[in-house]
Amino acid sequence: MFKRFVSIVLAAGLVMGITACAGKPAGETSDGSENKGAQSTQSAGSSQEAQSTNDNQSQEVLHLWHYWDSELQQGLLQEMVDNYQKDTGGPKIEVSYIPYSEYIQKLLVSAAGGDLPELFIYDGNSTATLAEAGVLADITDKINESGVMKDTLPGVVEEHEVEGRLYGFPVYANCLALFYRTDIVETPPTTWSELYDTAKAVATPEMYGFAMAGGAGEDAVFQYLPFIWSAGADINDLSAPGAVEPLDMFTRMINEGIMSKDTVNHSQEDAEILFETGRAAMMINGPWNVPPIQENAPDLEWSVTLIPKADNGEYASILGGESFGIGNNVNVDEIWDFVEYMTEPERYAEFLKGLGQLPADSVLSEDPYYTDDPINAVFIEQLKSAKPRAYGPQYNEMSKAIQTAISSAMSGAQTAQEALDEAKEIVTPLYDGYFNK
């Protein structure tokens, strides 16, 4: 089945003109032939120079791929690579940016051609899918020997495990929390009932009481899952009360004008814009939206707290973040020196602070930089209850079914129960096929 899948992707990639570009071996020209002509025409007096040039051409080049499009992220990543080469004299590492719209397909095509990069950044939630597709190397032994993940949060470790083996390690972690206007919401809600009552009480014609993502994309699922987990439910039975009740609550809030009717089309960014412009009193969102609010709405009075829990449930959040993977069938030893250099605790702590992201590490998260900051401290606390979307390689199909259900309920096309009953018919067999095989 996988071979057929890769063949389809490869064919699509070729039609679109996408080719693998992990780099050509030194000493080859673009058509693959060896570049011997230059050396044969050197004069005796320049033979030493020619030999030096040839040595440089034959020096190994390793490759690091990413899709980070901000200058800050790109600069920090390149600085890490430059410092590694300066401090250790290690091999040259070529950093390549690939637009996210092309990224996964390029990895799949490269895996099919045996031309993967030594190291690459990816969404940690895709670990199982990429491992099954032959993109990620099994690096369990390397991780265990080096201790790279010895203090990593259990949920983050789980996200990188496939059938008990490790296929990646975290760049950083994040999660969701409740943002609220402190000048409007005197006491932030702690339960679903309080969330509904508070949002209804503060809503006005000019301002919604609550905002969240609800569009037909992963953002909506990302924000919905913590609610069903809080009620003790899970996606293996989407028709259960704990899964239906939160979606029913959101739909009711939309119908009553407490949430925007456009929620069905909103991303997490759209929710953040409503909040920073004063058109929403509360929202569910992540730490990546803290800097935009601080920059765009410096006078806004706000804070964050834990996501409200089910009335008889537990606090829950969802694990997000990005990871490093090593290409399958590459020489892991060649890149591992850089991995250990990069993840040295003090160096890595500064890297994370520069990125403005949370550590996936229980020791680093105790740094006063996080614990003494009231916003960071809440997210660090919320990380402790954050769960990964560790549902196996078929998660994307499960997610699409849940996205459809959320959209259908929020738009009024179906009740929450009807929409989730239909999603269950798709999701449960996929879930059981992975966990009960």
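Me: Two strands pair if DSSP finds at least two bridges between them. What makes β7 and β9 a pair?

Reply: Strand β7 (residues 177–181) and β9 share four bridges, in the antiparallel sense, and the requirement is at least two, so they pair. Within this pairing, Phe 179 stands opposite Val 304 in β9. Strands here are DSSP runs of E of at least two residues, and helices are runs of H or I of at least four, both numbered from the N terminus.

Me: What kind of model is this, and how are residues numbered?

Reply: The model is predicted: local features need pLDDT of at least 70 and side-chain atom pairs pLDDT 80 or more, while totals for chains, interfaces and linings use all residues. Residues are numbered from 1 along each chain as its sequence is written, and side-chain values use heavy atoms, leaving out hydrogens and water.

Me: Why are β8 and β9 called edge strands?

Reply: The open sheet has three strands in the order β8-β7-β9, with antiparallel pairing. Strands β8 (282–285) and β9 (302–305) each pair on one side only. Neighbouring strands are turned by 25° against each other on average, direction ignored.

Me: Which helices pack on this sheet or lie across its strands?

Reply: Helix α12 (residues 268–276) packs on the sheet, touching β7, β8 and β9, and its direction makes about 150° with that of β8. Helix α17 (residues 374–383) lies across β7, β8 and β9, at about 20° to β9. Touching is contact, meaning heavy atoms within 4.5 Å. Angles run from 0 to 180 degrees between N-to-C directions, with axes fitted to C-alpha atoms, for helices over the stretch in contact.

Me: Why does Asn 376 count as buried?

Reply: Asn 376, in helix α17, has a relative accessibility of 16%. Buried means under 20% relative accessible area, exposed over 50% and partly exposed in between (1.4 Å probe, protein chains only). Asn 376 is therefore buried. Leaving aside residues up to four places away in sequence, Asn 376 touches Leu 358, Tyr 369 and Tyr 370.

Me: Why is His 66 called buried?

Reply: His 66, in strand β1 (residues 61–66), has a relative accessible area of 3%, so His 66 counts as buried. Residues that His 66 touches include Val 95, Tyr 97 and Ile 121.

Me: What makes His 66 and Trp 68 a polar contact?

Reply: A polar atom of the His 66 side chain lies 3.0 Å from the backbone nitrogen of Trp 68. The limit is a pair of N or O atoms within 3.5 Å; within protein, one must be able to donate a hydrogen and the other to accept it, and residues adjacent in sequence count only if both atoms are side-chain atoms. At the start of α12, a side-chain oxygen of Ser 267 likewise reaches to within 3.3 Å of the backbone nitrogen of Glu 269.

Me: How do you know how α18 and α19 run relative to each other?

Reply: The axes of α18 (residues 395–411) and α19 (residues 416–435) come within 8 Å and cross at roughly 180°. Angles under 35 degrees are roughly parallel, over 145 roughly antiparallel, 65 to 115 roughly perpendicular and the rest oblique. The two helices are therefore roughly antiparallel. Among the residues that meet are Met 398 and Ile 402 in α18, and Leu 420 and Ile 426 in α19.
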